[in-house]
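Student: I would like a close look at one part of this structure. Please take it slowly and show me how the pieces connect.

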Amino acid sequence: MLEVKDLNLYYGAIHALKGISLVVHDGELVSLIGSNGAGKTSTLHAISGLLPISSGSVLLDGKDLQKVHPNKIIGLGLAHVPEGRHVFARMTVEENLLMGAYIVRDSKRVSENLEKVYAYFPRLKERWKQLAGTLSGGEQQMLATGRALMTDPSILLMDEPSMGLSPLLVKEIFSIIQTLHENGITILLVEQNAKMALAVADRAYVLETGRISMSGPAAELADDDRVRKAYLGA
Amino acid sequence: MKKNKTARGYFLNTAVIVLLFTAFQILTAAKGSQGAFKLVLVPSIWQCCYLMVLAASLNLVLGFMGQLSLGHCGFMAIGAYTAALLSLACERAEWFDGKNDPRFLAVLIISVLAAGLLAALFSLLVGIPALRLKGDYLAIITLGFGMIIINIINNLPFCGQDGLALGSAGASLYKNGLGFGSKAKVQFLWFALAVTILSLTLLFMFVRSKYGRAIKAIRDDEIAASASGINTSKYKVLTFAYSAFFAGIAGALYACTNATLSTSSFAFTNGGILNSTFVVVMVVLGGMGSLTGSAVAAVIMFLVNYEIKNGQWVSLLPASLSGIFEYPMLVYALVLIIVILFRPKGIFGTYEFSLQNLIPDIRNAIKRHRAAKAEKEEAKANA
């Protein structure tokens, strides 16, 4: 279970996150939606230790992540699929996936996980020897997601997986997210595509200029007039 | 299956190296005393050896980790002076008696190792603060380091103007130690070759290991690398030190080859073959991310340098053309421009030459070439 309590974060003098609190229970798919600059990505970066927070706490299964060095956080079962994919462009697909399992010492577990990821994404298996930079946007998103899955994470943070993809690919990516969810992986999903994000999620939070303005079951939020007006274009 | 292939590769490479090595020893035994062999070929091989180690070690930082370091010759200078001074001290303490003494070999090995270790130690001092910087900033810091270290060495009482490099007399102070004359160069040629092969192998093993993969990940995307659990600053500093270790070893080989040391030969403004930008040129020429490419480029650049200085055809050129050869740096620049025009990724790109994969690689290249040609023709036919 991931618990974020009263998170505050500043960029210099700018107060970017103003007391964010949220909870992701085991096995849940929770969406965090909001417009540009609302603080979605900052929230994820604060959770995975990539940005220093000024106050508040992030607890993963009761353990305070603030006391853990960023490169150790992944070892606690929290994997982060960064915005804009960030694949290792001049390394092959398989090397990229192996990098995801960098902290896993047991080589048998690594090859098991590799098979598992290839089962989720058969397209990656076809292209295992190709340089990641030559993949299409959708394939790179699959690769970034597959790389995060290489550690068997207990929770997956996904940042804008639909960014820059064609509508067809967006559908495909979301069906993959749903499959992952059905297989019991806990997911915290950050999206601008509120419609899709609310369609797949169990619960959702709406972020507005650094504050959580609404929260609740995703289906309820999708029916809420304010949400519909602001984010669903209806 | 995969493991078997690696083992077979190691076996094949070792066998070929041993074969070449024995053939070379036989050749040396037969021709060792002849003029051209002793005075031209053997010194050239010594020079190629240290250039290869130097270029390959910089490639680790520049090509595989993607950090531009312009002070690599500074580490080489540290290595060269360490080795020379250590052997001089041993000579003065009379720990060995001439170059045939088996104890001399021990001194030689210790000097080379110490050269590498001290260079690595200095690289930690520079690297820990400097590698927090990126791109241009790191380049400028390392450039500054290269200049500073030359001045420090110049002003140290035991190795500066009054020490090793005191005119021609002082320069040959350590000639009974590590400084090799042409006869000793033939005698210890096996040592230079062994050190080079060992260094390149160790660099190769590093690149192929899990750590090599990690530094390539840092090069491609630092954020994603740290999100994958890599302590990026630790890896950067350690790789920098590993690379400096081999630059130091290259320096030790340089000290052996030249038998004289002067800091000006490592200086940034030096117009000869040994300045830090020149090493960068070698790495770019060979292909950033190919160790074998660096080794080949080092030999090519050595040959270019040698021909400019000694080639008889230069004097046959019309005066307007041969004028260019008065400025070697201009020629190196031209070579680099020509290579970049036709092969933008360097001669080898990221391809690694390998005996085992040579035939399949050639076959694949021909297949690709044919496919590209067929595609072009098809496109023409369609048009």
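Predicted model: local features only at pLDDT ≥ 70, side-chain atom pairs only at ≥ 80, totals over all residues.

Now place the two partners. A:Arg127 sits in the loop between helix 5 and helix 6 of chain A, while A:Glu139 sits in helix 6, so the pair ties together parts twelve residues apart in sequence. Their surroundings can be read from their accessibility. A:Arg127 is partly exposed, with a relative accessible area of 29%. A:Glu139 has 6% and counts as buried. The cut-off for buried is under 20%.

A:Arg123, A:Arg127, A:Glu139 and A:Glu172 are linked in a network of salt bridges.

Helix 5 and helix 6 come up again when we turn to helix 3 of chain A. Helix 3 runs over residues 93–100 and is mostly covered, with six of its eight residues buried. Those six are A:Val93, A:Glu94, A:Asn96, A:Leu97, A:Met99 and A:Gly100. What do they pack against? In chain A, the partners are helix 4 (107–120), helix 5 (122–126) and helix 6 (137–149). Helix 9 (210–220) of chain B joins them.

A:Lys116 pairs with A:Asp152, and their closest N and O atoms are 2.9 Å apart. A:Lys116 is in helix 4, and A:Asp152 is in the loop between helix 6 and strand 7 of chain A. This pair links distant parts of the chain, 36 residues apart. Both ends are partly exposed: A:Lys116 has a relative accessible area of 42%, and A:Asp152 has 35%.

Another pair spans a longer stretch of sequence. The side chains of A:Arg203 and A:Glu28 meet in a salt bridge at 2.6 Å, N to O. A:Arg203 lies in strand 9 (residues 203–208), and A:Glu28 lies in the loop between strand 2 (14–24) and strand 3 (29–34), so parts 175 residues apart in sequence are tied together. A:Glu28 counts as buried, at 12% relative accessibility. Over all chains, the whole structure has 14 salt bridges.

Next, look across to chain B. Helix 9 of chain B already touched helix 3 of chain A. In total, 16 residues of chain A are in contact with 19 residues of chain B. The area buried between the two chains is about 1,800 Å², and carbon and sulfur atoms give 57% of that area. Three residues stand out on the chain A side. A:Phe88, A:Arg90 and A:Tyr102 supply 34% of the area that chain A buries against chain B, more than any other three residues. The interface holds two salt bridges.

Two loops of chain A deserve a glance for their backbone. A:Glu160 has a positive phi of about 50°, although it is not a glycine. A:Glu160 lies in the loop between strand 7 (155–159) and helix 7 (167–182). With 5% relative accessibility, A:Glu160 is buried. A:Asp61 also has a positive phi of about 50° and is not a glycine. Its loop runs between strand 4 (55–60) and strand 5 (63–64) of chain A.

Finish with a helix in chain B. Helix 16 (residues 328–342) has 15 residues. From its first C-alpha to its last it reaches 22 Å, close to the 21 Å expected at 1.5 Å a residue. Its buried residues include B:Pro328, B:Val331, B:Tyr332 and B:Val339. Seen down the axis of helix 16, the buried residues fall within an arc of 100°, so they line one face. The face turned away from that buried side carries exposed B:Ile337 and B:Leu341. The cover over the buried residues of helix 16 includes helix 12 (276–286) and helix 13 (291–310) of chain B.

Methods. Residues numbered from 1 in each chain as written. Chains lettered and ligands numbered in written order. Heavy atoms only, no water. Helix = DSSP H or I, 4+ residues; strand = E, 2+ residues; numbered from the N terminus. Expected span 1.5 Å × (residues − 1). Buried < 20%, exposed > 50% of the residue type's maximum accessible area, 1.4 Å probe, protein only. Arc of directions from axis to C-beta. Contact = heavy atoms within 4.5 Å. Buried area = accessible area lost by both parts, 1.4 Å probe. Salt bridge = Lys/Arg side-chain N within 4 Å of Asp/Glu carboxyl O.
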